[in-house]
Amino acid sequence: GQTNLNAKLVLLGDMGTGKSSLVLRFVKGQFLEFQESTIGAAFFSQTVAVENATVKFEIWDTAGQERYHSLAPMYYRGAAAAIIVYDISNSDSFAKAKKWVQELQKQGNTSMVMALAGNKCDLEDKRDVSAEEARLYAEENGLFFMETSARTAVNVNDLFYEIAKKLPKG
Ligand code: GTP
Ligand code: MG
């Protein structure tokens, strides 16, 4: 039969990696060259149809600036899924992504579907993190991995669609 599921999803990652841009691309099909830095967090929702289910994502787009770090647990607690975002042109943002993965692993919701998104893959000429390194890290840590571009839309819908497919439907 048909399952209708509501799923809380949180985006985490360093400032400027493109969390808001990924959400804007997914929810509204838009991209802003000058997307404003998020203050606190922003909420969006979007529904996707997969196989025998529809999944309504309740999306918390968190602020990456360090001063907001302490708010993050409010958004990831009870989340069914998390997308940890880094910028492929910035290896510091990849290191920060690993820190977020550790924090999520420690807080212990083992059923959370976790995805690692290497965003800004349109910036190939500025690449600072190899896809292979990220893929290996993701594999070792049980994360789903994709490189995305909010700018060109590459893999953005696929990312959310693959997460929706991985959510338990029972
Ligand atoms: P905070 O809210 O501060 O945590 O940042 P954020 O992770 O939400 O980043 P945001 O979406 O605000 O994007 C930061 C900048 O990167 C903006 O100027 C975007 O236009 C740009 N940007 C986002 N995604 C991409 C992308 O896929 N490719 C390129 N080239 N630029 C991008
Ligand atoms: Mg933002």
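Student: Where is Lys-120 found?
Tutor: The model is a predicted one, in which local features need pLDDT of at least 70, side-chain atom pairs count only at pLDDT 80 or more, and totals for chains, interfaces and linings use all residues. Residues are numbered from 1 along each chain as its sequence is written, chains are lettered from A and ligands numbered from 1 in the order in which they are written, and side-chain values use heavy atoms, with hydrogens and water left out. Helices (H or I, at least four residues) and strands (E, at least two) are DSSP runs, numbered from the N terminus. On that basis, Lys-120 is found in the loop between strand 5 and helix 4 (131-140).

Student: What phi does Lys-120 have?
Tutor: Most residues other than glycine have a negative phi. Lys-120 is not a glycine, yet its phi is positive, at about 70 degrees.

Student: Is Lys-120 buried, partly exposed or exposed?
Tutor: Buried means under 20% relative accessible area and exposed over 50%, with partly exposed in between (1.4 Å probe, protein chains only). Because its relative accessibility is 24%, Lys-120 counts as partly exposed.

Student: Why does Glu-51 count as exposed?
Tutor: Glu-51 has its place in the loop between strand 2 and strand 3. Its phi is positive, at about 35 degrees, although the residue is not a glycine. Glu-51 counts as exposed because its relative accessibility is 64%.

Student: With which residues is Asp-87 in contact, leaving aside its neighbours within four places in sequence?
Tutor: Asp-87 has its place in strand 4. With a relative accessible area of 7%, Asp-87 is buried. Contact means heavy atoms within 4.5 Å. Leaving aside neighbours within four places in sequence, the residues in contact with Asp-87 are Gly-16, Thr-17, Ser-93, Asn-119, Lys-120 and Val-129.

Student: Which residues coordinate the magnesium ion?
Tutor: Donors are N, O and S atoms within 2.8 Å of the metal (3.2 Å for Na, K and Ca), and sites may look incomplete since water is not among the atoms. At 2.0 to 2.1 Å, the magnesium ion (ligand 2) is coordinated by Ser-20 (OG) and Thr-38 (OG1). The pair links distant parts of the chain, 18 residues apart, with Ser-20 in helix 1 (residues 19-28) and Thr-38 in the loop between helix 1 and strand 2 (41-50). At 12% relative accessibility, Ser-20 counts as buried, and at 12% so does Thr-38; the coordinating residues are thus Ser-20 and Thr-38.

Student: What covers the buried residues of helix 1?
Tutor: Helix 1 is mostly covered, with eight of its 10 residues buried. Those buried are Lys-19, Ser-20, Ser-21, Leu-22, Val-23, Leu-24, Arg-25 and Phe-26. The cover includes strand 1 (3-13), strand 2, strand 3 (53-62), strand 4 (81-87), strand 5 (113-119) and helix 5 (156-166).

Student: How much of the accessible area of ligand 1 does the protein cover?
Tutor: A residue is near a molecule or strand if one of its heavy atoms lies within 4 Å of it; of the 24 residues around ligand 1, Lys-19, Ser-21, Ser-37, Gly-64 and Asp-122 come nearest. Oxygen atoms of ligand 1 are 2.7 Å from a polar backbone atom of Leu-32, 3.4 Å from an N or O atom in the side chain of Ser-149 and 3.3 Å from a polar backbone atom of Arg-151. Of the 650 Å² of accessible area (Shrake-Rupley method with a 1.4 Å probe; for residues, only the protein chains shown count as cover) that ligand 1 has on its own, the protein covers 90%.

Student: What arc do the buried residues of helix 4 cover?
Tutor: Helix 4 has Ala-134, Tyr-137 and Ala-138 as its buried residues. They are on the same side of helix 4, because the arc around the axis (taken from the directions from the helix axis to the C-beta atoms) is only 100 degrees.

Student: Which exposed residues does the face of helix 4 turned away from its buried side carry?
Tutor: The buried residues of helix 4 pack against strand 4, helix 3, strand 5 and strand 6 (144-147). The face turned away from that buried side carries Glu-139 and Glu-140.

Student: What arc do the buried residues of helix 5 cover?
Tutor: In helix 5, the buried residues are Val-156, Leu-159, Phe-160, Ile-163 and Ala-164. They lie on the same side of helix 5, because their arc around the axis is only 130 degrees.

Conventions
A polar contact is a pair of N or O atoms within 3.5 Å; within protein, one must be able to donate a hydrogen and the other to accept it, and residues adjacent in sequence count only if both atoms are side-chain atoms.
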